[in-house]
Amino acid sequence: MSPAAEVALASGDDATVAHGAGPVRGRGELALRAFVYLALVVGLSNLLLVESVDRTVLARVRHGIAYLAAAVLSVFRGDVRAADEHVFVGASAVQIVNGCTGFDVGIFLASAMLVFPAPWPVRLRGAAAGFAIALFVNLLRVLSLAVLNEGAASAFHVVHVYVWPALISLVCLATLLVWIRGAQTRDG
Amino acid sequence: MAESSHFARLLRSRAAWLVLRFAVVYGALSWLAAVLPVYAELERPLVATANAFLRESPGESRALSFERSGAGGTYLYELRVAESARRVERDMHAHGFVALLFGALVLATPWLGARRFAAAFAGGAALTGAVCLLMLMVDVAGWENEARAALNLAPGARPFSLPVGFAAGLHQTAAAGLLPIVYWALVAVRPDARRA
């Protein structure tokens, strides 16, 4: 099998991704799906900025992540506690802000699955799984950064700025590709 | 048993190799960005473009510039209203990480053929540039509000003729970097169903 068999550019032969998803509409359909995707991510991302959403939903999520991270870390060390949106490890603390909830990453990943030409049950399961994976990876990110912040402040910057964005991108790319492959296999 | 064979198939799949190549290339590019002023150089054309989009009106002028310092830099935003002026200085944000992600994905992808590659790359590059520019423009909109508040002017004036408020959510986190990844995954590297 040549790499070209694996790497196919969406073009007029969109039937390769549209089994069971209605008639082939080629580039027009691809453009429409891209537009819907952008509308979804812009709309949902901006929803996270609404004050009432922040107060009623995101604040609880930030608290939840802080307490969950503290609970996990307390298994390994005794000097861990959570207070509001902060995780204290020893004398240092990290604050869970909106960029640390994983919701934004989940929105970008799940939206891609929702607009992909696959049967709706497959899309919905994929979106739910994608969101869960984004939240889980984000929790790992918070745990690692909380530990590094206490013991290795210089490594904290490198891991925060360079390593985790790469890892999250990797996980999202892998999740999306694996899901696409699974969705197509189910389509037959 | 079924799960283990599924996992084995996954490991053998070209999708797994693509992800692995992407990891290696992105790691290399990130290392370069850590030791060379890559992000600062990527920021220059963004600042120049954003500056070109700034709105001028009678009695009001705006200017955005970028000063390199070490591996990073500082944004300088100046608002002039009649005789008053206010300058806002902010440390560089590495908006260019989106370009690094996209570049790594392109380099990690097997050759698509010249025509297909050109079409996919052009779309992805345009998307990447737009995302980076919008993130910077949202920053500038915030600095405009700060400058107006410092000058005791009413808030709400838009520094750009173009609307950028819709991008505020994208800018909140680095998740916008996933846009070109999703684009590339859906447009250029989707597995071919005919093999299934």
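This is a predicted model: local features need pLDDT of at least 70, side-chain atom pairs count only at pLDDT 80 or more; totals for chains, interfaces and linings use all residues.
1. Most residues other than glycine have a negative phi. A82(B) counts as exposed because it has 9 C-beta neighbours inside 10 Å.

2. Residues are numbered from 1 along each chain as its sequence is written, and chains are lettered from A and ligands numbered from 1 in the order in which they are written.

3. N152(B) is another residue to look at for its backbone. This residue is not a glycine, yet its phi is positive, at about 60°. N152(B) lies in the loop between α5 and α6 (168-171) of chain B. With 7 other C-beta atoms within 10 Å, N152(B) is exposed.

4. Now for chain B as a whole. It has seven helices and three strands; these are DSSP runs numbered from the N terminus, with helices being H or I of at least four residues and strands E of at least two. Along the sequence the pattern of chain B is α-α-α-β-β-β-α-α-α-α. Of the 196 residues in chain B, 38% are buried. Among the contacts in chain B with a separation of 6 or more, 66% are between residues 24 or more positions apart. Here a contact means that the C-beta atoms of two residues, placed from the backbone, lie within 7 Å.

5. The strands of chain B form an open sheet of three in the order β1-β2-β3, with antiparallel pairing. Two strands pair if DSSP finds at least two bridges between them. At the edges are β1 (60-69) and β3 (84-91) of chain B, each pairing on one side only. On average, neighbouring strands of this sheet are turned by 15° against each other, direction ignored. Strand β2 (residues 72-81) of chain B is joined to β1(B) by 10 bridges, and the two run antiparallel. To find this pairing in the viewer, look for S61(B), which stands opposite R80(B) in β2(B).

6. What lies across β1 and β2 of chain B? Helix α3 (residues 38-53) of chain B does, running at about 170° to β1(B). Axes here are lines fitted to C-alpha atoms, for helices over the stretch in contact, and angles run from 0 to 180 degrees between N-to-C directions.

7. α3(B) also packs with helix α5 (residues 114-150) of chain B, at an angle of about 60° and with the axes 10 Å apart. That angle makes α3(B) oblique to α5(B); under 35 degrees counts as roughly parallel, over 145 as roughly antiparallel, 65 to 115 as roughly perpendicular and the rest as oblique. The contact is made by L46(B), V47(B), T49(B) and A50(B) of α3(B) and C132(B), L133(B), L136(B), M137(B) and V140(B) of α5(B). By class, this contact of α3(B) with α5(B) has eight nonpolar, one polar and no charged residues. Ala, Val, Leu, Ile, Met, Phe, Trp, Tyr, Cys and Pro count as nonpolar, Asp, Glu, Lys and Arg as charged, and the others, Gly among them, as polar.

8. Chain A has an open sheet as well, with three antiparallel strands in the order β1-β2-β3. Its edge strands are β1 (80-83) and β3 (92-95) of chain A, each pairing on one side only. Neighbouring strands of this sheet are turned by 20° against each other on average, direction ignored. Helix α3 (residues 51-73) of chain A packs on the sheet, where it touches β1 and β2 of chain A, and its direction makes about 170° with that of β1(A). Strand β2 (residues 86-89) of chain A pairs with β3(A) in the antiparallel sense over four bridges, and V87(A) stands opposite V94(A) in β3(A).

9. Finally, helix α4 (residues 103-115) and helix α5 (residues 120-151) of chain A pack at an angle of about 160°, with their axes 8 Å apart. α4(A) and α5(A) are therefore roughly antiparallel to each other. By class, the contact of α4(A) with α5(A) has nine nonpolar, four polar and one charged residues.

Key. A residue is buried if 20 or more other C-beta atoms lie within 10 Å of its own, exposed if 12 or fewer, and partly exposed in between; C-beta atoms are placed from the backbone.
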